[in-house]
Amino acid sequence: MTNAFLYAFAGIGLFVLGLHALVVHAHVLRKILAVNVMGSGVFLVLVALARRSGEATSDPVPHAMVITGIVVAVSATALALALMLKLAGKSGEAVLPGKHND
Amino acid sequence: MTATDYAAACLFILGGIFFFAGTAGLLRFPDVYTRLHALTKADNVGLGLIVAGLVLQAESWLVAGKLLLIWLLVLFAGACVAHLVARRALRKGIRIWTE
Amino acid sequence: MLIGLLNIDWGVITIMLPLAGGIACVLWPAMSKPAGLISVTGVVLAIAGLGWRIMENGTYRHAVGGWGAPLGIDLFADGLSLVMLIMTALVGLGISFYAKRFFSPCDAVRFWPIWLLLLAALNALFLSADIFNLYVALEMTGLAAVALTALTGRIDALGGAMRYLLATLLGSLAYLLGVVLLYHDAGSVDIATLAQRIEPNAAVWTALGLMSAGLALKTALFPLSFWLPPAHASAPAPVSALLSALVIKASFYILLRLWLELFGAFAEGVSMLLGLLGAAAILWGSLQALRQTRIKLLVAYSTVAQIGYLFLIYPLALVSNGMAASMAAYLAFSHALAKSAMFLAAGNLMQFGGHDRIADLDRAVQRLPLTVAAFALAGVSIMGLPPSSGFVGKWLLLDAAMSQGRWDLAVVMIIGGLLAAGYIFKVLGYAFTQAEVPHDARAVPAEMEWAALLLAIGAILLGFMAPQIFALIHPDLAVNASEAGTVWTA
Amino acid sequence: MDGIIFLQWAFDAVLGLGLLWLAWRALNSSDLFKAIVLFIAFGLLMALAWVRLNASDVALAEAAIGAGLTGALLLAALARLETMTDQNVSGVSAHPAHPPSPTPAGSRFSRGLLILLLSASTAGMGYAVWSLPSYSTGLSMDVAAHLDSSGVSNPVTAVLLNFRSYDTLLEMIVLLLAVLGVWSLDGLPPQPEKPPATVLETLSRFLTPVFILVAAYLLWVGADAPGGAFQAGSVLGATGVLLLLSGWRPRARLMQWPLRLALTTGAGAFILLGLLTLLLEKQLLAYPVAQAGRMILLLESLATVSIAATLAILFLSVSSGHKMKTGKEEKE
């Protein structure tokens, strides 16, 4: 079942696209989107590779892990958005203040 | 393949054509109102045809009922959301396209 | 009676007690402070119980749900986990008593539940034997730490917390991708099972790279340390102490555990790289600390430098002399005590003068003698002067470097010590001199001064405890360590 | 049947490329609103990918949480951000365009270096995935062997609520931490309330009972089929979001201890049950086989309440300055 590898490669592509956006963009909302895309990529690799031995074996453990991961991701996103709003409320823009050699 | 399978396949293809037309309309129509028109009309019928095809193949009445429920919910939500989008567009003062 | 106490499953209690305490704080906010103090004290007792059990029965293992690895999740504790837990409990206790007086009632209601959940997350992390469970514990730790960083709501704290959150999420995701590769390579997420099955192949090497990079980012190893100074310097003082003393040790511990159990056997080249980055961290962090004009930023950059020492263990001790676990645990413990004392002392100085500008300390030594003493004693350990624990830890590293002919690393360590002396005496010097503009001074509660001082004294006393700590982790190597512990008297 | 296999291949390839293309567009479009809408579309395609990978449980969770609630949170945050930046700083306008500005340090050289590094790591990770042993059953055999004594017949639910229930306990704490973190940031200026559209009100009035029914169904069916606490909780949470959008606000008394109880009940039930089993069975969260099904249903029901309350309250906090009463108001 090589189709599983197709999704696994797509997952790696998403991870790298997200990483690129996380580094390149200054706006915090874009960085939050980027982290979410990276997370989706990791989850995709996790579930897709569980199917690489064929249809017969469906491993439920990665599925459960991804559900856990999705819930962690939405929690982190909510906290990040609230922080961004508070930061924008104080500084007037949603970018990270002061560059520290990054 | 049995006769119902062929009938279902025809319904799927027909539904697919409606989806395609709706999407083409969404991309090609000139303003938000006509696009909404293309989207909701075509998608409702398209989804209806596909649901009809699936109902033909359904194993039990329970499954068929659930499929119908899905279609009704999509119809309802689609109508409401289209209304909301159109109203917001009108409030924002987006002109209706006229030739 | 005593045997009954021994049978209690103390390891589970160390996690469930602070969780229950945190939930109690959410349900009854008015009871936050007493619930918090009771939970933290309870955790200290539970860890004492766990330590006793480990000394009696050997390593601790608990199959959650009764399934056992690899299907279920195992809790596991050996000497290394135990020392990290003791570090968390003692430093956490000190910081809790400081926080009791530090926060206003409305901040206290927000601080205690998050701190208790953070404590539970740290205990869960040090007790976990499952790499996916470690990911969940790591995310818990990260979210709690970010929430605590932003507690003041000041703009610098918000910026620091935002940067910290993005860095910590990126680090966790890289770690998780490593977990994914290991699971699909070896079919398990249990560390012991993985250790039997893992062979050095492309997937394992990639997992090694991803996990090391992600955890190094979360531990703030130079040059991935950009997020640390703004976050640690802008948080409220007890939170800075928690972050620098405990939170960065969590990701460091996972990395060390993975190297000890899984990667250490074949990844010598990468350990050299980690060591070089550690050396760079010592020099860069110390130089930056020397340049700072505010105490909290100075202490934060000092953390960047001290993390460097922790990573020198990889080339010096992981492969060659098998002392890596005990040296790392001892150094981490020593740094946790000294650094928490320093941040708490800095908090006292800020409360006292209303600012943390080093140049305007204005004879703090006369008005806050206990706080300045705490800073000085913690500084002795950071500089690595005898008889402090910092001396013993760094002497062991230096000894390992010289016996292996790594003169470059030895020189870096000595320069790092001199630079540390420079930045600590810079603060102490201003504490003795009069500022040009006299300041109003506000009273600092005695408990806050004593909390800092006791932690600093702990950092010194740990120097005398080296043989015991080493014996906990490597019973067979204890002789070696007792020589190390007594070397300064010779 | 070669035709079918080819069609499947083509479908998977188009879906994979579509995911990458949507992600790229979402991350690099010039308008933030457009970026978020593309991200939601990306989430829906992800749900489709989960279905293709035979992971229906994940597909449900992704559609409800990944695309639905995350999307609602993002849009609400963007709306607040725009009013806030418009009010506070005259020069900085959020709308219409936040051009995807490069970081100031981004010279052409460092750009090139970044692209080079990322391409190299893509190749490395791709090779690592490709070189994995081609046959692996993971833990599926272990799960299958013990499924009968887990109390449920849906293996994913068995893993989440029994074999690895400790992960789920910690995950409930992560959700609680998100709420505590958001609350501790209070003091945002409240969003002026807009009168909701009547259509939205009708919609929510009609859909609320349907959603509650669906949530209960998902919770119940989770024992044997795709579904369970997370899917049910997120549907219920979405109901809350819809009600909040149509102008409903919980009464102040409801925001006190009833809300606190709802937020903590899932984690609290896990802890109490854990301690009970520790006392009786000497193992944390080890259910007696005969009772396992009932205990899982109990835990899932309470977890559903907590998840729904958490997601709805996160949306409320992000979308309006409507903050929860923290203890300090109670004291003052």
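User: How many residues does the contact take from chain C and from chain A?
Analyst: This is a predicted model, and in it the contact takes 26 residues from chain C and 30 residues from chain A.
User: Which elements of chain C give two or more residues to the side that touches chain A?
Analyst: Those elements are α6 (131-149), α7 (155-186) and α10 (228-234) of chain C. Among the elements of chain C, α7(C) gives the most to this side, with 15 residues.
User: And what classes do the residues on that side divide into?
Analyst: The side of chain C that touches chain A divides into 21 nonpolar, three polar and two charged residues.
User: OK, which pair of chains has the most contacts among the four pairs that touch?
Analyst: That is the pair of chains A and D, where the contact takes 66 residues from chain A and 84 residues from chain D. On the side of chain A that touches chain D, the elements giving two or more residues are α1 (3-24), α2 (28-49) and α3 (60-91) of chain A, and α3(A) gives the most, with 23 residues. By class, that side of chain A has 43 nonpolar, 16 polar and seven charged residues.
User: How far apart are the closest C-alpha atoms of chain A and chain B?
Analyst: They lie 23 Å apart, and no contact joins chain A and chain B. Chain B and chain C do not touch either, with their nearest C-alpha atoms 34 Å apart.
User: Let's go back to chain C. How many helices and strands are there?
Analyst: Chain C has 21 helices and two strands, and its C-alpha atoms fill a box of roughly 65 × 60 × 45 Å, taken along the principal axes.
User: What would the radius of gyration be near for a compact globule with 490 residues, and what does chain C have?
Analyst: A compact globule with 490 residues would have a radius of gyration near 23 Å, and chain C has 21 Å, which agrees. Of the 490 residues of chain C, 68% count as buried. If you take the contacts in chain C with a separation of 6 or more, 78% of them are accounted for by residues 24 or more positions apart.
User: Why is α5(C) described as largely enclosed?
Analyst: Because 20 of its 23 residues are buried, helix α5(C) is largely enclosed by the rest of the structure. At 1.5 Å a residue, this helix (residues 105-127) should span 33 Å, and its end C-alpha atoms are 33 Å apart, which agrees.
User: Where does α5(C) bend?
Analyst: The helix bends by about 25 degrees at C:Phe111, and a proline, C:Pro113, follows within four residues.
User: Switching to chain A, is A:Gly18 buried or exposed?
Analyst: A:Gly18 counts as buried, because it has 25 C-beta neighbours inside 10 Å, where 20 or more is enough. Its place is in helix α1 of chain A. Not counting residues up to four places away in sequence, A:Gly18 touches A:Ala34, A:Val35, A:Val37, A:Met38 and A:Gly41.
User: Last one: which domains is chain D divided into?
Analyst: Chain D is divided into domain 1 (1-91) and domain 2 (153-327). The centres of these two domains of chain D, taken over C-alpha atoms, are separated by 23 Å, and 14 residues of domain 1 are in contact with 17 residues of domain 2. The side of domain 1 that touches domain 2 has nine nonpolar, three polar and two charged residues.

Note on methods
Residues are numbered from 1 along each chain as its sequence is written. Chains are lettered from A and ligands numbered from 1 in the order in which they are written. This is a predicted model: local features need pLDDT of at least 70, side-chain atom pairs count only at pLDDT 80 or more; totals for chains, interfaces and linings use all residues. Domain bounds come from an automatic or database domain assignment. Two residues are in contact if their C-beta atoms, placed from the backbone, lie within 7 Å. Ala, Val, Leu, Ile, Met, Phe, Trp, Tyr, Cys and Pro count as nonpolar, Asp, Glu, Lys and Arg as charged, and the others, Gly among them, as polar. The expected span of a helix is 1.5 Å times one less than its number of residues. The bend at a residue is the angle between axes fitted to the seven residues ending there and the seven starting there. A residue is buried if 20 or more other C-beta atoms lie within 10 Å of its own, exposed if 12 or fewer, and partly exposed in between; C-beta atoms are placed from the backbone. The radius of gyration is taken over C-alpha atoms; the globule rule is 2.2 Å times the number of residues to the power 0.38.
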